[in-house]
Amino acid sequence: MDIRVNVDGIAPFVDENTKKSLVEKAVAANKSLYEKTGKGNDFLGWVSLPLSVSESDISEIESVSQNLREISDVVIVTGIGGSYLGAKAVIESLSSSFEAYTDNGNPKIIFAGHHLDEDYLSEMLDFIENKRVSCIVISKSGTTTEPAVAFRIIKRHIEQKYGKEGAKERIVAITDHSRGALRKLSEQEGYRTFVIPDDVGGRFSVLTPVGLLPISVAGVDIRILLKGATDMERATQIDVPEDENICLQYAVARNLLYNSGKKIEILANFNPKLHYLTEWWKQLFGESEGKEGKGIFPAGTDFTSDLHSMGQYIQEGERILFETVVSVEKPREERLIPEDAENLDQLNFLSGKRISEVNRMAELGTMLAHVDGGVPNIRIEIPELSAYVIGQLIYFFEKSCGISGYVLGVNPFDQPGVEAYKKNMFALLGKAGYESEGEKLKARING
Ligand code: PA5
């Protein structure tokens with residue numbers, strides 16, 4: 001496999017005697033994922049997903065993507081949580097950092113429905129006013145408030161610009177095959193639709209049309225992405241020995257650390273393009289593991305930027321942290337630091353070196369300093385940021401998360417806690433059926 005998990009940096013911090021039993025649990029957990037014998041076993045469609053996406057599914061996604069690319073300057077991807085973060089993560093990690101400002105023929109992919117900020121939506125309407133615009137609206141339940149509010153506004157804009165007929169060409173919905181308001185609305189309005197499989201939960205859905213369509217519109221080859229994920233699936237099946245199965249290695253390492261009092265895992269990168277991969281990872285692990293009073297709290301840092309902010313805490317704050325570094329071996333471009341005859345900035349000791357070498361030394365120096373400061377680290381070493389490797393990485397994290405959740409003893413595939421804020425929001429907004437709850441909440445707020 002192109003991805004390696006290096007756990008040398010945890011040895012001084014964990015009780016090796018407990019490792020054997022955790023490895024046994026992790027092996028059993030991987031087996032449960034395939035045999036569907038564990039908790040949440042009706043949501044395990046993602047396990048074999050990369051292999052099960054059919055040629056006709058891929059061709060249809062590519063054909064709709066091609067059409068949206070031809071007719072749009074801007075494609076608004078509307079969704080939240082698992083219906084947003086996977087696409088955002090893959091697109092950001094594989095695009096130029098200046099994609100938004102570059103006129104390269106790709107439509108600009110923007111996102112909406114992932115919060116409720118009025119200014120954002122107003123500014124978005126200003127931005128798209130004189131542009132050719134399309135929308136991919138994504139919601140598995142079809143009833144989530146944030147994307148529904150944004151979509152109502154976007155739908156109005158598109159209909160006013162292109163009429164109801166034009167909207168049929170420019171709006172694509174991705175939702176459940178039969179349930180939910182978005183399914184009903186799409187059928188009534190005649191939109192093109194894609195289905196999110198019943199047995200794939202939101203945060204595990206990036207390799208379904210939820211992620212694949214926006215990613216393809218952004219110009220990424222989804223066949224290569226899927227190939228990476230497929231290869232990772234094969235390399236982490238139940239018959240792969242423990243010492244070769246990197247999902248087992250990662251799941252065991254983080255649970256060993258958790259059991260030794262390290263309650264917070266920081267996913268750290270030294271490549272800003274990975275910022276949203278961290279956001280996706282935070283959702284994947286946070287929503288999967290944080291329940292029943294248990295679970296590692298997933299946090300994220302972008303280094304070296306955050307070494308000048310969070311670095312102090314990591315080095316010397318509460319010793320409840322461990323770090324998992326996604327370490328990228330090779331940048332796409334080569335750029336040397338130039339010699340300067342005057343050397344006023346005293347940087348000539350770096351002349352002729354690649355910037356990536358300086359970044360590498362920053363990474364190694366940081367990890368050594370953090371281990372010295374009591375923060376263990378796991379390294380996930382990847383060769384480069386390519387569609388193939390990102391496909392591997394996505395599947396690697398999904399499988400590790402399923403295994404890790406089972407080792408922890410929770411159902412990694414539900415999210416009962418997400419309902420609490422929704423209930424209060426609906427009650428406060430006066431939604432029918434929430435009246436008495438609304439009265440109680442208002443009494444609490446007003447003291
Ligand atoms: O992982 C999950 O299931 C959630 O984060 C959902 O993706 C998120 O709440 C959005 O739900 P929906 O796609 O139903 O709008």
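Mentor: Let's settle one word before we look: a residue is near a molecule if one of its heavy atoms lies within 4 Å of it. Also keep in mind that this is a predicted model.

Now, the ligand. There are 13 residues around it, and the ones that come nearest are Ser83, Ser139, Ser141, Thr144 and Gln283. A polar backbone atom of Gly202 is 3.5 Å from an oxygen atom of the ligand. As for cover, the ligand on its own has 380 Å² of accessible area, and the protein covers 88% of that.

Let's stay with one of those nearest residues, Gln283. You'll find Gln283 in helix α11, which spans residues 275-289. Is Gln283 buried or exposed? Its relative accessible area is 12%, so Gln283 is buried, since the cut-off for that word is under 20%. What does its side chain reach? It gets to the backbone nitrogen of Gly82, at 3.4 Å. If you skip residues up to four places away in sequence, Gln283 touches Gly81, Gly82, Leu85, Arg203 and Ser288.

Next, step back to the sheet. It is an open sheet of 5 strands with parallel pairing, and the order is β3-β2-β4-β5-β6. The edge strands are β3 (108-112) and β6 (192-195), and each of them pairs on one side only. On average, neighbouring strands of this sheet are turned by 20° against each other, direction ignored.

Zoom in on one pair. Strand β4 covers residues 133-139, strand β5 covers residues 171-175, and the two pair in the parallel sense over 5 bridges.

Another helix to pick out is α8. It lies across β2 (74-78), β3, β4, β5 and β6, and runs at about 160° to β4. Why call α8 largely enclosed by the rest of the structure? Because 9 of the 9 residues of this helix, 209-217, are buried. Among them are Pro209, Leu212, Pro214 and Val217. After α8 comes Gly219, whose phi is positive, near 100°.

Let's move on to another helix, α10 (residues 246-259), and pick Leu256 in it. At 3% relative accessibility, Leu256 counts as buried. Which residues does Leu256 contact, leaving aside its neighbours within four places in sequence? They are Ile10, Val14, Asp15, Thr18, Lys19 and Leu22. Take Ile10: it is 246 residues from Leu256 along the chain, yet their C-alpha atoms are separated by 8.9 Å.

Strand β7 (residues 264-269) holds Ile266, which is buried with a relative accessible area of 6%. Among the residues Ile266 touches are Ala299, Ile314, Leu321 and Phe322.

β7 pairs with β9 in the parallel sense over 6 bridges, and the bridge partner of Leu267 in β9 is Thr324. On to β10 (residues 377-382): it runs parallel to β9, and 6 bridges join the two. There, Ser327 has Glu381 as its bridge partner.

So how covered is β9 (residues 321-328) itself? It is mostly covered, with 8 of its 8 residues buried. In a regular strand the side chains alternate between the two faces of the sheet. You can follow that in β9: Leu321, Glu323, Val325 and Ser327 point one way, Phe322, Thr324, Val326 and Val328 point the other way, and all are buried.

Definitions and conventions:
Residues numbered from 1 in each chain as written. Predicted model: local features only at pLDDT ≥ 70, side-chain atom pairs only at ≥ 80, totals over all residues. Heavy atoms only, no water. Helix = DSSP H or I, 4+ residues; strand = E, 2+ residues; numbered from the N terminus. Buried < 20%, exposed > 50% of the residue type's maximum accessible area, 1.4 Å probe, protein only. Polar contact = N/O pair within 3.5 Å; in protein donor to acceptor, adjacent residues only side chain to side chain. Contact = heavy atoms within 4.5 Å. Pairing = 2+ DSSP bridges. Axes fitted to C-alpha atoms, helices over the stretch in contact; angles between N-to-C directions. Areas by Shrake-Rupley, 256 points an atom, 1.4 Å probe, with all protein chains shown as cover.
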